[in-house]
Amino acid sequence: MTFEFGGVEVVLAQGFLIAATIASALILLLFALLILVVVRSGRSARAVAPLAQQLGFLGQHVQGLAQGQEGLRASIQTVSDTATNGQAQLAQTVEQRLGAVQQQMQDRLAENAMRSQRGLTEMQERMKETLHGSSKQTTTSLTQLQERLAAIDKAQDNITKLSGDVLSLQDILSNKQTRGAFGEIQLRDIVGKALPNDSYSWQPTLSNGKRADCMVDLPNPPGPIVIDSKFPLEAYEALRAADSEHALRQAVSQMKVAVKKHISDISEKYIIEGETADGALMFLPSEAVYAELHANFPELVREGFDKRVWIVSPTTCMATLNTMRAILKDARMREQAGAIRKELSMLVGDVDRLGTRVGNLDRHFSQASKDIEEIKISADKAGKRANRLDNFDFEELEEQPVLPLKDTAAE
């Protein structure tokens, strides 16, 4: 330990040594002065004896003081050593703590550096992924844009083609012959989808020399029925285009005349007693014309009923043909009833023979199972005898009757 006196630092152990030295010097000096005083004064021995005794006590005290000084010095040395060791331990502890703190700081700095590096790496990866995704999305968008442009070009081509088809359809519908051919083509498509190929014919010639568009060969009754395609387009267009009362009356009159003529033609040409059915179908290839007749011209529909001509559209024609298909199927089932009964009788005979043969097979299996059981019994006995012979157990052998083998071949 150190103390500062007047700006001078004094170590505690050194101060104790200096103080003890000074005290010892003072005591020795005092002791010398006393001796000198006693010698000079020449007092008597009686006076000197107490003084000598006191000097002896003083010497003992001085000796004790010297011993105390020595103990104090040892204590001061111990304290100095302890202080030195404490300073060394303190310095070592401080150094260790500083080292630990420095290591922790280095570890944290390294960890922070690793985190920063990892964060930078992740950020770079995210940026790469983002850039890659943006590039991919841009590429996809461009590809989709090209596909859409191609689709637009294709749609434009289709629109151009459709415009040409519409113009062609207008050209077809403007001519009566081509319009009739258009209705026949539509009728062919519907009939071909609804009926078997051998149940109808196209452009048949009747006994009166007239040729119908289609004739369905139905059984009697009702018999073959004719389907003829008619398309009163001019009258319908005039009716739709009428913009005045007078034009509307003229269009209505034109519509009635055209439809009545078609009904009369079909009734007179294609309904022949004993040759065709007692009725015919007038096919309108337009749902709009069919709806117009049933909505605003019910008298024409009733007139068709009176003349046994039924007006059908593409939708109702399909339903009617499906009904005819059911009639054809029922007729063919009746025609094949005899063959079906014959096949059923033959099937019953086959089933009876199958039952007989199954019974025979079951009997043979039962006999074979019995023979196998007897073979197992004989094999067990032979095995036991072989074991006894192998163990020289001749005394245990007993005479047993030998059973004759059955002739299963005869059975």
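In this predicted model, the side chains of Arg 308 and Asp 278 meet in a salt bridge at 2.1 Å, N to O (a side-chain nitrogen of Lys or Arg within 4 Å of a carboxyl oxygen of Asp or Glu). This pair links distant parts of the chain, with Arg 308 in the loop between H7 and E7 and Asp 278 in the loop between H5 and E6, 30 residues apart. Helices (H or I, at least four residues) and strands (E, at least two) are DSSP runs, numbered from the N terminus. Residues are numbered from 1 along each chain as its sequence is written. As the model is predicted, local features need pLDDT of at least 70, side-chain atom pairs count only at pLDDT 80 or more, and totals for chains, interfaces and linings use all residues, while side-chain values use heavy atoms, with hydrogens and water left out.

**Salt bridges**
- A search of the whole structure finds nine salt bridges.
- Arg 308 counts as partly exposed at 35% relative accessibility (buried is under 20% relative accessible area, exposed over 50%, partly exposed in between, with a 1.4 Å probe and protein chains only).
- Lys 256 and Glu 299 also pair through their side chains, at 3.6 Å, N to O; Lys 256 sits in helix H5 and Glu 299 in helix H7, 43 residues apart.
- Asp 350 forms a salt bridge with Arg 353, their closest N and O atoms being 2.2 Å apart.
- Because Asp 350 and Arg 353 are three residues apart in helix H9, about one helical turn separates them.

**Helix H5**
- Helix H5 (residues 245–270) has 26 residues and reaches 37 Å from its first C-alpha to its last, close to the 38 Å expected at 1.5 Å a residue (1.5 Å times one less than the number of residues).
- Its buried residues include Ala 251, Met 255, Val 259 and Tyr 270.
- Among the elements covering the buried residues of H5 are strand E5 (225–229), helix H4 (233–241) and helix H6 (287–296).

**Ala 194**
- Ala 194 lies in helix H3 (residues 176–194) and counts as buried at 1% relative accessibility.
- Not counting residues up to four places away in sequence, Ala 194 touches Met 318, Leu 321, Asn 322 and Arg 325 (contact means heavy atoms within 4.5 Å).

**The whole protein**
- The protein has nine helices and seven strands.
- Of its 411 residues, 19% count as buried.
- Residues 24 or more positions apart account for 63% of the contacts with a separation of 6 or more.
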